[in-house]
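Student: Hi! Could you walk me through this structure? I'd like to go through it bit by bit.
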Amino acid sequence: MDRWLLIISTLCFFLAMVRTVIAIKARNYRPAGFNFSAIALGFVFQTAFLSVRGHALGRCPLTNLFEVFIFLAWSVSLIYLLIGPAYRLSLMGAFTAPLVFALQTFALLAPIDLPHPRVSSPSPWLEMHASVSLIAYGAFALACVAGLMYLVQERQLKSRQINSMFYHFPPLTDLFAAITRLLWLGFILLTAGIAAGFFTGQPLPYVKIAWSLGVWIFYAAILLARHLGTTAPRRIAALCVVAFSAALTLLWGITFLSQAHSL
Amino acid sequence: MNLFCVGLSHHTANVETRERFVGHAAIDRILREKAGCTEALLLTTCNRVEVYAASAEPVATAQVARCLLAEGMVAAGDEMEAFYRHESLQCVQHLFRVASGLDSMVVGETEILGQAKKAYAAARESGAAGPFLHRLFQRAFRVAKQVRSRTGITRGAVSVGSVAVDLAEQIFGHFESRKVLLLGAGEASERTARALRKRGVRDIRVTNRSVERAEALAALVEGRAVPMEDWETHCREVDIVISSTAAPTPIVTRENLTPLLRDRLDRPLFIIDIAVPRDVAPDVNEMEGVFLYDIDSLQSIAQQSLALRRQQIAAGEEIIAEHVDDFSGWFVSARDRVNLAPDLPEGRLRTSGS
């Protein structure tokens with residue numbers, strides 16, 4: 001039954017995506033409430049899915065790669081809904097919906113929803129470590145989306161090829177400010193998530209520690225470059241896209257290879 | 001009952017002809033007293049002169065045209081050919097198109113709606129607008145609003161100055177803390193600087209070879225004049241440079257800009273070069289964080305916007321067709337009732353129908 005909730009949620013994100021594509025093709029893109037409403041509805045069904053799954057498991061639903069992907073998609077939607085309207089990033093929905101749709105479609109289609117053998121309740125520190133880290137990834141995903149938007153907008157300005165969506169994008173300086181804030185939000189959450197991992201009382205998985213620290217150092221370097229003012233905003237935006245893509249691939253790889261990652 | 005529109009516009013008449021038939025404040029009274037109109041409204045803009053009227057008996061186009069002429073003037077034969085006439089539902093459709101900006105010289109311009117509202121308010125005040133014009137114009141305002149909000153007809157800037165300001169807004173968002181440097185004191189620079197000032201720019205610096213001209217322009221745009229030899233120092237501090245000098249070769253080059261931008265990598269620089277020949281070397285656009293637009297690129301964007309607006313005309317026409325269809329129900333029934341009972345109270349017509 002819980003998979004149906006997820007299918008409905010995925011359809012909501014699909015609708016938001018299709019609406020955007022149609023509007024762009026008609027060269028009449030307006031950041032109407034439709035996208036926001038579709039994403040909000042998709043988020044409600046995501047939450048319902050995680051809640052049903054959590055009740056069934058009696059723990060935070062992060063027991064396999066399938067749930068990790070859904071939790072990540074939920075984090076992306078949550079952060080979009082929280083910061084999208086606040087920072088006038090309504091168009092971000094046009095970029096967020098495809099990302100969430102892709103994550104959930106992959107999770108639904110790939111044979112990764114395998115029951116986890118462990119049944120005992122995990123340590124609250126372990127639950128905190130996993131959930132906070134994934135919410136951090138949600139922030140990094142949105143930084144990646146904002147980075148993509150920055151690159152698209154910057155490309156249009158440089159090439160002087162202005163299309164109908166151009167005037168609906170947030171200004172470059174606002175996008176850069178949003179990228180900075182999202183990077184900080186993700187970085188703080190990731191730091192907290194990693195720190196929580198040391199209090200689980202379980203043997204430390206060294207591959208995971210190395211990967212987590214690698215991601216942490218990568219984002220720390222981006223933030224440092226941003227605040228030293230030695231790197232152009234375009235490069236910071238590109239680094240956000242590279243960092244998230246790399247981190248997501250590694251997350252998938254490590255989780256796939258190491259059953260120890262799940263709770 | 002006849003509902004009609006007689007007029008001329010940029011489509012049919014040159015500016016000299018439009019000037020001769022510009023009409024006057026008392027036109028609605030004259031149309032009612034001399035031409036037999038029961039209701040009359042004059043809509044004049046720089047591109048059109050139109051009379052919307054209702055009458056019990058047909059009123060000839062020439063009769064309306066005579067009323068539009070200033071006293072003592074006579075219309076030439078070829079001038080009459082410039083007049084168009086729309087009757088009944090064609091008149092309704094025409095007004096909806098005009099109010100929505102579909103018939104404007106710059107498609108999608110919104111000034112026309114304000115002008116139509118003013119014309120309607122004046123006719124209401126003088127008692128020249130009765131139930132037919134009241135219903136017609138109220139609906140036209142609704143239609144215009146819908147066309148604007150449901151299509152992209154008003155989207156994109158269509159003049160060089162407004163394109164430049166819109167681009168600046170897409171780079172910087174807000175202008176309050178932004179600084180602008182005017183290199184040269186050309187007229188186009190002045191217009192763009194004024195537009196930026198209106199949008200909130202507080203710090204405008206003007207530099208020119210002639211100090212007097214720099215000071216004069218600085219006074220006009222509420223900025224301050226700075227010495228020409230210091231332009232590089234100011235360039236380091238500002239966010240927007242508007243250049244329009246008469247220099248025969250580029251004065252802003254990659255070589256002299258590179259050291260100025262070294263410490264401001266995270267702050268974009270928007271350069272608007274409206275000089276011919278150009279003041280800024282084209283390869284400056286390749287520099288990190290610099291966005292250079294010359295007159296050709298600004299004009300090209302204005303043309304793109306206009307083309308995009310034209311693509312939206314069909315969508316606007318669909319909305320208008322729906323409203324004309326809807327309006328026709330009330331119009332035909334009201335017209336029939338007035339034809340059967342010419343003394344029908346005005347209130348009965350206003351409150352019935354769609």
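Tutor: Happy to! This is a predicted model. In chain A, buried residues account for 44% of the 263 residues.

Student: Okay, and how many helices and strands does chain A have?

Tutor: Chain A has eight helices and zero strands. Its pattern along the sequence reads α-α-α-α-α-α-α-α.

Student: What about contacts inside chain A, what share joins residues at least 24 apart?

Tutor: If you take the contacts between residues at least 6 apart in sequence, 82% of them join residues at least 24 apart.

Student: Switching topic: how many residues of chain A are in contact with chain B?

Tutor: There are 19 residues of chain A in contact with 24 residues of chain B. On the chain A side, α5 (124-159), α6 (172-197) and α8 (233-257) each supply at least two residues.

Student: Which helix gives the most to that side of chain A?

Tutor: That is α6(A), with three residues.

Student: And what classes of residue are on that side?

Tutor: The side of chain A that touches chain B has nine nonpolar residues, along with five polar and five charged ones.

Student: Now chain B. How many residues does helix α7 have, and how far does it reach?

Tutor: Helix α7 of chain B covers residues 131-150, which is 20 residues. From its first C-alpha to its last it reaches 28 Å, close to the 28 Å expected at 1.5 Å a residue.

Student: Which residues of α7(B) are buried?

Tutor: Among them are Pro131(B), Phe132(B), Leu133(B) and Leu136(B). The buried residues of α7(B) also include Arg135(B) and Arg139(B), as well as Val143(B), Ala144(B) and Val147(B).

Terms used. Residues numbered from 1 in each chain as written. Chains lettered and ligands numbered in written order. Predicted model: local features only at pLDDT ≥ 70, side-chain atom pairs only at ≥ 80, totals over all residues. Helix = DSSP H or I, 4+ residues; strand = E, 2+ residues; numbered from the N terminus. Expected span 1.5 Å × (residues − 1). Buried ≥ 20, exposed ≤ 12 C-beta atoms within 10 Å, placed from the backbone. Contact = placed C-beta atoms within 7 Å. Nonpolar A, V, L, I, M, F, W, Y, C, P; charged D, E, K, R; others polar.
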